[in-house]
Amino acid sequence: MFRALQIVLRGKNGAAAALPLPGIANHCSYSTGSTSQRLAGKVAVITGGASGIGKATAEEFVRNGAKVVLADVQDDLGRALAADLGHESATYTRCDVTDEAQVAAAVDLAVSRHGKLDIMFNNAGVAGALARARLVDLELADFDAVMAVNTRGVMAGVKHAARVMAPRRAGSIICTASVAGVLGSVAPHPYSVSKAAVVGLVRAVAGEMARSGVRVNAISPNYIATPLVMRLLAEWYPEESAEGHRRIVEAGINEMAGVVLAPEDVARAALYLASDEARYVNGHNLVVDGGFTVGKVPNMPAVPAE
Ligand SMILES: NC(=O)c1ccc[n+]([C@@H]2O[C@H](COP(=O)([O-])OP(=O)(O)OC[C@H]3O[C@@H](n4cnc5c(N)ncnc54)[C@H](O)[C@@H]3O)[C@@H](O)[C@H]2O)c1
């Protein structure tokens, strides 16, 4: 994110009004409004399910016929979302993914309540220290804390989902990585490393899991103005309003004309990977970034016209 934001700020110094690009919608207007039940009868655990991408995914999964266990550390938000979704469809459980026993308990809760686990969405994540540290100033305690949630927490989720899925020879495990795990230099180092490791762990276990009939995939979203990102931007650019922070994400770090990435877009990617439509998709990193990670304009002179 660093480099991208520097570009935004250079632009801002020259012309702040350049931030809201014409044709960029502020919010995702697309909605499935679908009555299809692509996850009918399936049971999911969603870590980080109380907010942002996890919340949108819980809503999408329930809309598609799944029962969900929301596993998070934000009890009030998690309980409120479960109530909104209906207690027939959604249960909240406190689960700190840095504690393996709590991850195991969330998986076991899904099984005891619904008889099985079909989908494990390892999505809980943190940004880490908000101050922008240069490599030489890196706090390894912050590195450890970020890795504990974003990577070790995902590993625990994969392990315990596999424990109950492999004997049934079915299941879909999905792990939230990030464009920061694909490109260097777009996020603080601990976050980037933690997300690259998520892609690595998916690749490490997908073959073994395939032989048990279980799929393991990653999703790598581009930046979205969820609480996680808004907290980071508020720290980095205190002089900007919340609207300015949102524009940095939606216009500055966005290659796709006319579309702003929303949590619902990631939820639909998770829906696909969770569903039987993706029954042969395994070990994949589904990048949901509008071409951001492949769209760098070459830093070279223009080719002279003939
Ligand atoms: N927002 C983005 O731009 C973006 C981009 C790429 C990837 N991601 C990733 O998407 C995932 C979801 O993030 P989000 O943007 O929805 O942010 P968010 O802050 O809205 O949601 C993250 C959720 O994870 C929960 N969480 C944090 N630590 C936890 C722990 N130890 N145990 C259990 N739950 C914990 C939080 O309480 C929160 O509900 C994260 O893994 C994040 O790294 C986000």
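1. Two strands are taken as paired if DSSP finds at least two bridges between them. The model under discussion is a predicted one, and strands β2 (residues 67-72) and β3 run parallel in it, joined by five bridges. Within this pairing, Ala71 has Thr93 of β3 as its bridge partner. Together with helix α3 (residues 75-85), β2 and β3 form a β-α-β unit that is right-handed. Strand β3 itself, which covers residues 90-94, is mostly covered, with four of its five residues buried.

2. For the protein as a whole, the secondary structure amounts to nine helices and seven strands. Of its 306 residues, 46% count as buried. Taking the contacts between residues at least 6 apart in sequence, 73% of them join residues at least 24 apart.

3. Helix α9 (residues 263-274) has 12 residues, and the distance from its first C-alpha to its last is 16 Å, close to the 16 Å expected at 1.5 Å a residue. Because 10 of those 12 residues are buried, α9 is largely enclosed by the rest of the structure. The buried set includes the charged residues Glu264 and Asp265, along with others such as Val266, Leu271 and Leu273. Among the elements that cover the buried residues of α9 are β1 (43-47), α2, β4 (119-122), β5 (171-176), β6 (214-221) and β7 (285-288).

4. Helix α2 can be checked in a similar manner. Its 12 residues should span 16 Å at 1.5 Å a residue, and its end C-alpha atoms are 17 Å apart, which agrees. α2 is mostly covered, since 11 of its 12 residues are buried; among them are Gly52, Lys55, Thr57, Glu60, Phe61 and Arg63. Just after this helix, Gly65 adopts a positive phi of about 95°.

5. Turning to the ligand, 29 residues surround it, and the closest are Gly48, Gly52, Gly125, Thr226 and Leu228. The elements that contribute two or more residues to this shell are α2 (52-63), α5 (140-165) and α7 (227-236). By class, the shell is made up of 14 nonpolar, 13 polar and two charged residues. Gly52, one of the closest residues to the ligand, is also one of the buried residues of α2.

6. Is Lys159 buried or partly exposed? This residue lies in helix α5, and Lys159 has 15 other C-beta atoms within 10 Å. A residue is classed as buried with 20 or more such neighbours and as exposed with 12 or fewer, so Lys159 counts as partly exposed. Lys159 and Glu100 are separated by 59 residues in sequence, whereas their C-alpha atoms are 9.5 Å apart in space.

7. Asp96 sits in the loop between β3 and α4 (100-114). It has 16 C-beta neighbours inside 10 Å, and therefore Asp96 counts as partly exposed. Leaving aside residues up to four places away in sequence, Asp96 touches Val73 and Gln102. The C-alpha atoms of Asp96 and Val73 are 5.8 Å apart, although the two residues are 23 apart along the chain.

Terms used: Residues are numbered from 1 along each chain as its sequence is written. This is a predicted model: local features need pLDDT of at least 70, side-chain atom pairs count only at pLDDT 80 or more; totals for chains, interfaces and linings use all residues. A residue is near a molecule or strand if its C-beta atom, placed from the backbone, lies within 6 Å of it. A crossover is right-handed if, with the strands pointing away from the viewer, the path from the first strand over the helix to the second runs clockwise. The expected span of a helix is 1.5 Å times one less than its number of residues. Two residues are in contact if their C-beta atoms, placed from the backbone, lie within 7 Å.
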